[in-house]
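Hi,

Here's the structure I promised to pass along.

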Amino acid sequence: MAKTPKKAAKSADNPETNLLKRFSISRQYKFAIGVLLVLLSIALAVCFVSYFVNGKFDQSELNNFSNRNTEIQNWLGKFGAYLSDFFIFKGFGVASFILVRLLFLTGTYLVLDLGLSKLKKTWFWDIFAIIILSILFGFFATYLPELSGVIGFEMNAFLQDFIGKTGTLLVLIFGIIIYLIFKIKVSPDKVKSFFESSKKVNLDNNINTENPNFKSYNLEEFATNEDDEADKKFQFKSDPEDLGEITLKPASQFEINKQNLKPTISNTSELVLQQTIPEEVLTDKNKKAEEEFVIEKPEEEDIIEENLASKLVADFGEFDPTLDLSHYKYPTIDLLKDYSSGGITINQEELEENKNRIVETLRNYKIEIAQIKATVGPSVTLYEIVPEAGIRISKIKSLEDDIALSLSALGIRIIAPIPGKGTIGIEVPNKNPSMVSMKSVIGSAKFQEAEMELPIALGKTISNETFVVDLAKMPHLLMAGATGQGKSVGLNAVLTSLLYKKHPAEVKFVLVDPKKVELTLFNKIERHYLAKLPDVDEAIITDNSKVIATLNSLCVEMDNRYSLLKDAMVRNIKEYNDKFKQRKLNPEAGHRFLPYIVLVVDEFADLIMTAGKEVELPIARLAQLARAIGIHLIIATQRPSVNVITGMIKANFPARIAFRVTSKIDSRTILDSGGADQLIGRGDMLFSNGNDLVRVQCAFVDTPEVDKITEFIGSQKAYATAYLLPEFIGEDSGITLDIDIADRDSLFREAAEVIVTAQQGSASLIQRKLKLGYNRAGRLIDQLEAAGIVGPFEGSKARAVNIPDFIALEQFFDNEKNNN
C-alpha cells in the first residue's frame, strides 16, 4: 500500500528511512539476488545430505583439495565437501540444516518482492534454534559426536565448566520452553485443552467399547432429563425445608404452588429498599423511624497506579496509524496530585442529626416515613425515604424550602421519585466536603478499562463511583454555569481524560479561548494533538476574527470526510478507519486515516456578541452533521439563552453539564428542568444526556498538573507540524483581482441596480431579489466590488455602496462603455 503524501513527507525527516533509501536496490537486482539465494540453499541441502553419506571419506582427503586428481564423493564436488566440513563438522552440526531454510525463505521473499521486514523475527528465532540445537547435541556428543559440530561441542563444554551438566541441561530446557512459547505459541491453556480433549475421546471410546449398542448422547442432556424424571416421581407434601414427610404421588400435568400465591407484603410499613430488616418481623406499626435508618457507605474503587493505555497493544491489522510516533509514551498517573485524604469520611453525628431533622420536618406536616437510608458521597449525602402509603409525592416536593431551613443547608435538592428505585431522594450538602482529585478518577479501573472511542472521566457520583462517558456517543456537549463555578476546570478535566487514553494519531483538538489565559497551556502539545489553519501561527485561537475561518474550515473538512465515506461506502468514521486499517482503501485515491476532531470553545457567548450569524451558521452545520465523521463539539457558556444558542443548535446538544446557576429560570434554560440552582458550587454539577439527571462532583485538575502533563507530552518526538485543516476561501479573499468586463455575469447590471436602489451591499439581497443561488450571488458581489460599485468585506456589517443613486449608476455604465 502506497504511502500518502503527508506520511511520506513526515518519513522524509527520519534518518533511518533516508539510510534505507540510500541503500535501496532495484527490482531486477532483488530478483537476481533472490534466485541466487534459492539456488544456494538447494546446493547446501544437497551437499549437507551428501556429507552424512560420504563425509568420512571426503574428510580424509581435505588436505589434498588442491590436487585435481583427488577423488571426492560429495555430490557437489570439492566445493560441496568444503562447505559441508565448514558448516556441519566445524560449525553447528545437524542444526545447520535450518540455515538452508533461512536462505530459501529469504530468496523467495526477494524474488516475490514481499519485503524483508517480515523475516526479522524468522531470522532471530531460527538462529536461536540453531544455537540451542547445537548445544543440545553437544550435550550428547559422547553418543552422537557427528551431530553437534565443533561450535556446539565447545559451547557445551564451556557451559559445563561453569555451571556443570545439571545447570547446562536446565539452561537448554529453558531455551526450548522460550522457543515453544514465543515462536510456536504453545500456551498452558492449549496444553490443558489438548489433554482434556484427549481424555474426553478416550472416555467416549471406552463407553462405545463396553456397549456396542450404546448410542452417543450428550451427557449433560442425559443428566438433566434424569433429574426431570426424578422430579416427576417425587413431590414434597409440605414446605421443602420440612423434610419430615416425603410422599410418592403421580405427577400431574399442572401443579399449583399454593405457598407462592400468598401476598409477599402484608403491610406497607414492611417495605424496605435493601435487605436491612433483622430476622424478627416488625409487627408493631408504630416503630420509630430511628430504628429503620440505614447508612450506606460507598465502596472504594480500585485504583490503578499505572496508565494502562501505555500497555495496550492495539491490533490495527497491517496498517498502524501510530507508527509515525511509535515511541510515544502516554502520560503517567504520578504527574497528577492526590488531593483526597483517604477517601470519604463519614460523620455519624451529622448524619443522625440531619435524619432527625428531616423526619421531624416531615412529621410536622403529617407525613410519616416507613424507611430512610443515607448514601454518603464526596460533597453531598443522599437521603432516600420510603413514605407511608397514601402520601402524595407532590406534598413532599413542595417542602423543599422548609427542609432546607430546618437543616440550615446551603441548598438541598429533592428528587421525587428517584428513577428506577421507587424512593424519594433528598440531597443534602456535607459540612466538610471531600475534594475529588483527577488522579483518583484517572487511576480508577472503570476509566482505565473503559472500551470507548473517546472516554471522558468527569468526576464521581453520590455513590462514589467514577463517572465515565463517551464523547463519541453524546455526540456534542454543552457546558453552562455561573462565573467561577468550575466550567474551565471541567474543560481541563475533559482534555486531560483524552490525553491519558488516546494517541496523538487518533484525536486532534481545535481550541478556542476568547479569555486568552485558560487553554494556553496546551500550546506545548501543538504538534502532537492540536489542529489549526495552514497560515495561522498559534494553534489556540484567541482572536475572534480567526474563529470564523476556523469554523468554516471545519465545515470544509466535514464535507471532505463525507465524500471519503461515500467513496468507501461506509456510514461513520469507525467503519471507515477499520476499512482503511485493513488496507481496503487506496491512499492514491485520496483516502487517509481520519482522527477524531474535538472543537472546544471556552466562552461561546463572547463569540456570538462579536461575530453573530457568521459563527452561528457553521456551528449549526457542525452540530447537525459532524458526528458521523468524528467531529465533536464542546461548548461552554455562562447562560445558553435563545440569543446565544438558538433552538437549532440546542437541539443537537442532548448532553449537557450544568454547574451552579443563580435562578431556576437559568436551570430550566440549561437542563430543561430545575435543580442547577440548588447546587453548592466548586465543581458540583448535574449531567444530563436525555432524560436522566446525574449529580457529579467534578474532578479537580489544577494548572500545575496540566502544565506537567503538557510538558511531558511536549518533550517527546512530535509531528513536523500541527494537524492542518483545509484552507477556507471566504468572501474577503480574491477581491482585489480585476475581473474582465467580458467575464461578467449576465445579471451584472440588474444586480448593480438592486444594490444601488437598496443602498445595501450583500449577497443575500441579490439572492432574494433576483432569485439566485448563494454561489452565483457571491460571484456577483465580487464582480461589483471589482468594478467599484460596492466596498470591501467588513465582517458582520453590510458592504458599503459607493454609488449614491440610480442616475450615478447610469453615468458609471456610460463611462465604462466609452472607455472600452
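**What I found**

The chain exposes about 46,000 Å², and carbon and sulfur atoms supply 55% of that area. Keep in mind that this is a predicted model. Of the 820 residues in the chain, 43% are buried. On the secondary-structure side, there are 27 helices and 18 strands. If you take the contacts with a separation of 6 or more, 68% of them are between residues 24 or more positions apart.

Now for the inside. The largest nonpolar core has 107 residues, and Phe509, Leu599, Phe604 and Leu622 are the ones with the most contacts inside it. Helix α17 (residues 544-568) provides the largest share of this core, with nine residues. Another core lies apart from it and has 22 residues, including Ile358, Ile367, Ile412 and Ala416.

Back to Leu599: what does it touch once you leave aside its neighbours within four places in sequence? The list is Val510, Val512, Leu551, Leu554, Ile619, Leu622, His632, Leu633 and Ile634.

Is Leu39 buried or exposed? Leu39 counts as exposed, because its relative accessibility is 52% and the cut-off for exposed is over 50%.

Cheers

Methods. Residues numbered from 1 in each chain as written. Predicted model: local features only at pLDDT ≥ 70, side-chain atom pairs only at ≥ 80, totals over all residues. Heavy atoms only, no water. Buried < 20%, exposed > 50% of the residue type's maximum accessible area, 1.4 Å probe, protein only. Core = buried A, V, L, I, M, F, W, Y, C linked by side-chain atoms within 4.5 Å. Helix = DSSP H or I, 4+ residues; strand = E, 2+ residues; numbered from the N terminus. Contact = heavy atoms within 4.5 Å. Areas by Shrake-Rupley, 256 points an atom, 1.4 Å probe, with all protein chains shown as cover.
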